[in-house]
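Here is a friendly walk through some helix packing and a charged pair. Have a look at the model first, and then we can go through the contacts together.

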Amino acid sequence: MAYFKTGEPFWSIGASDVTERLQASPDGLTASEAAKRTEAYGPNLLRPTKKKGVLLEFLGQFKSPLILLLLFAAVLSYFLGDSTDSVIILVIVFFSGLLGFWQEHHASSAMAKLLAMVQARTNVLRDGKPADILLEEVVPGDVVLLAGGGVIPADCLLLEHKDLFVDEAALTGESYPVEKEAGVLPADTPLARRLNALFMGTHVISGTGKAIVVQTGKETAFGQISERLQVKPPETEFERGIRHFGYLLLEVTLILVIAVFAINVYFHRAVLESFLFSMALAVGLTPQLLPAIVSVNLAQGARQMAAKKVIVKRLAAIEDFGSMDVLCSDKTGTLTEGSVQLSSALGVDGQEWDKVALFAYLNAFFQVGYKNPIDSALTARSRDVSGFEKLDEIPYDFIRKRLSILVTQAGRQLLITKGAFDQVLSVCSNVESPDGTVRPLSGVGTQVRDLYTEQSKAGFRALGVAYKDFSSGKIIKKEDETEMTFLGILLLFDPPKPDVITAIQELNHLGVNLKMITGDNQFTALHVWRQIGLPEPRVLTGADLLQIPATALPLRAAATEIFAEVEPNQKERLILAIRQAGHVVGFLGDGINDGPALHAADVGISVNTAVDVAKEAASIVLLEKGLDVLAAGVHEGRRTFANTIKYVFMATSANFGNMFSMAGASLFLSFLPLLPTQILLTNLLTDLPEMTIATDTVDLELVQRPQRWNIGFIRRFMVTFGLLSSVFDYLTFGVLLLVLHATTNQFRTGWFLESVVSASLIVLVVRTRHLFYKSRPSIYLIIATGVVILLTLFLPYSPLAKIFEFTHLPPMFLAALVVILVLYVAGAEVAKKWFYSRL
């Protein structure tokens, strides 16, 4: 039984009463009680995913309407007395399904292991102690510990808070962070004004807090909205391409199959046999293994990318990753080492002053909000601060861009602030020099700004430090950050990675252009860019962006390399503008406010050390932050996409041509050109080499430039190579009928051999734009092709020949078959050269 009904206004009930109803305590649940509640309420997911059993996963291979119709016809045929053919059809369909099941099951298992590496987590109290758990393990009654960058795991009531600001844009559409406060509100309070409640789907911008979980999963406000709207993730270009390709084949199949069935019935051939033939033809035309091969290929690519420290959260994003031609990123950790170090703490005279370093240390040491590399750098060298006691704190936020603490020492209370230079200087009225002199800022403001500009141009990131004596109590508010005394500047540096220029050149060779989006000032950004050795860039600042009209921004943004002094809410606007200019944009983000930009990009990329909200929004997660890792991932993504497209080419060349020829031949022959069982066997054998395509090598030019789905290109390919295949099919018909005067069984055996062997060989031709012998296929593809050809040639002479109604063929036909196959491969090479020369 639920502690609270769905939609019950828990925000109108006091915290103690809510805790009592949840049978919990402010110290959280015990581990054993949490396990019981997990069993009772299930995982904390919007749509709990029930893992399919192996049997259901296997049966899912036969859900295609064509397969079901074929199975129905086979069973009907069995009861009408044709048991042999029925059993053969059922066995072939079973083995086709088994092949698809094995591949997809292996792929899904591999993906589950990869995704487990980058799952988001949250902090709760269990057995009275903080515990780091997966979001889906949160249950009603859990007490969640909140901090900047963390996601809200469920709908909660606030118990404690300190300057807690939450981004609720995903739920309410409100673009500005909402400050949360504990208390009791009326039951009819609108969602956006429930300041004492926290909701799944939102995240903490700054501050700290403690909240008790009331509703999880589908029972949350976000879950109810999602359930009503049946929200689906937006379709990627890869998924759209697969869908359009399926429509193309469906149209061709329906027209061909209906026409063949109608004409066969018109010629007074047996209706059931004609129906079985038409269904088998449809199965031959339709690439049933497309979902399996796509899944296997993408999963294989995901495993290869994981080996190169790139985790794919959504398989369809691999194509977007490979298509990317613009990468937007901050400089920290990508262009630079990502290890911020303190160089100097300068007074306003430009000389080292320990008081600046001490006050900065106190500020970083006592703050309890979101820990960042700057605070780590400031506290890297330990100091004795035992004489100081922290009283209060105003956390950092992206509007003020500063952090303040209140400390006391020997009865003296100090408000100490550090942050972005301009934002700290803006709340100061005085300046203190190292000799103890305090002067009005108005008299030395120009000197202080000149010092900041000089150090920024030298490549340092400069932060301001200020303080004031505070005697108005032991609680501080943002309004208290005024009339402060400016102390000095902290100089921080993050050296460029030694091999970053090589990684950038590799990205350029892959057709990916780098753009830097940073909140740092333009001087620091330019210094890093030049220090790396990159060409002189075009620069836009956040202030410039405010002046550029929306209609002009796409072209300006696409032509700019550095965006400096950018506000967090401007990142999304930049990403969308560059996309509007016709580019496929990747965005690498790991910060609290990077979520909207990650969603706006064609491919959102984050790192495993990022805040949870960034990892949740990303489709690709890097185990290491670096352009070299990204370049390797792009290369692998393009290789994966290229191999997926190869299967499409194979399915639309020889296979399509053979089935088209079969349909045509059935119209003028007095017998069916192939029996339904023979068609299905042809389909099964030609699919075997294609199952190894995920392991195939890829020509260099296919990974050097971004590749995209192009249904028009695929349609032209299908017509060109399908017709070529049919030409040689009809040549085979002529040899069999006019030269060898073949019997019905000889005709079917001969054409079966030609169909399977030619379809297997053509795989080696269409997999590359070069001459087939100049592009070496993978060893697995060579072995699979060889095995299928040998097995096909052996079948007419094996014990299975009688079952499939094959017969021996005269040596003359085998010799003619070799000639036809050589001419077919040569013709395919000529057609390929002509086809690609017209692009």
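The axes of helix 28 (residues 744-766) and helix 29 (residues 779-794) cross at roughly 170 degrees and come within 9 Å. Helices here are DSSP runs of H or I with at least four residues, strands are runs of E with at least two, and both are numbered from the N terminus. Axes are lines fitted to C-alpha atoms, for helices over the stretch in contact, with angles from 0 to 180 degrees between N-to-C directions. Helix 28 is therefore roughly antiparallel to helix 29; angles over 145 degrees count as roughly antiparallel, under 35 as roughly parallel, 65 to 115 as roughly perpendicular and the rest as oblique.

This is a predicted model, in which local features need pLDDT of at least 70 and side-chain atom pairs count only at pLDDT 80 or more, while totals for chains, interfaces and linings use all residues. Residues are numbered from 1 along each chain as its sequence is written, and side-chain values use heavy atoms, leaving out hydrogens and water.

Which residues bring helix 28 and helix 29 together? Among them are Phe752, Leu753 and Val756 in helix 28, and Leu781, Thr785 and Val788 in helix 29, where contact means heavy atoms within 4.5 Å. By class, this contact of helix 28 with helix 29 has 11 nonpolar, 3 polar and no charged residues. Ala, Val, Leu, Ile, Met, Phe, Trp, Tyr, Cys and Pro count as nonpolar, Asp, Glu, Lys and Arg as charged, and the others, Gly among them, as polar.

| Helix pair | Axis distance | Angle |
|---|---|---|
| Helix 15 and helix 17 | 7 Å | about 20 degrees |
| Helix 16 and helix 23 | within 8 Å | roughly 25 degrees |

Helix 15 is thus roughly parallel to helix 17. Thr453, Ser456 and Lys457 of helix 15 make the contact with Phe523, Thr524 and His527 of helix 17, a set of 1 nonpolar, 4 polar and 1 charged residues.

Helix 16 is likewise roughly parallel to helix 23. Val500, Ala503, Ile504, Glu506 and Leu507 in helix 16 meet Leu627, Asp628 and Ala631 in helix 23. That contact of helix 16 with helix 23 has 6 nonpolar, no polar and 2 charged residues.

Now for the charged pair. Lys355 forms a salt bridge with Glu432, their closest N and O atoms being 3.0 Å apart; the term requires a side-chain nitrogen of Lys or Arg within 4 Å of a carboxyl oxygen of Asp or Glu. Lys355 lies in helix 12 (residues 354-366) and Glu432 in strand 14 (residues 428-432), so the pair links distant parts of the chain, 77 residues apart. By this rule, the count comes to 26 salt bridges.
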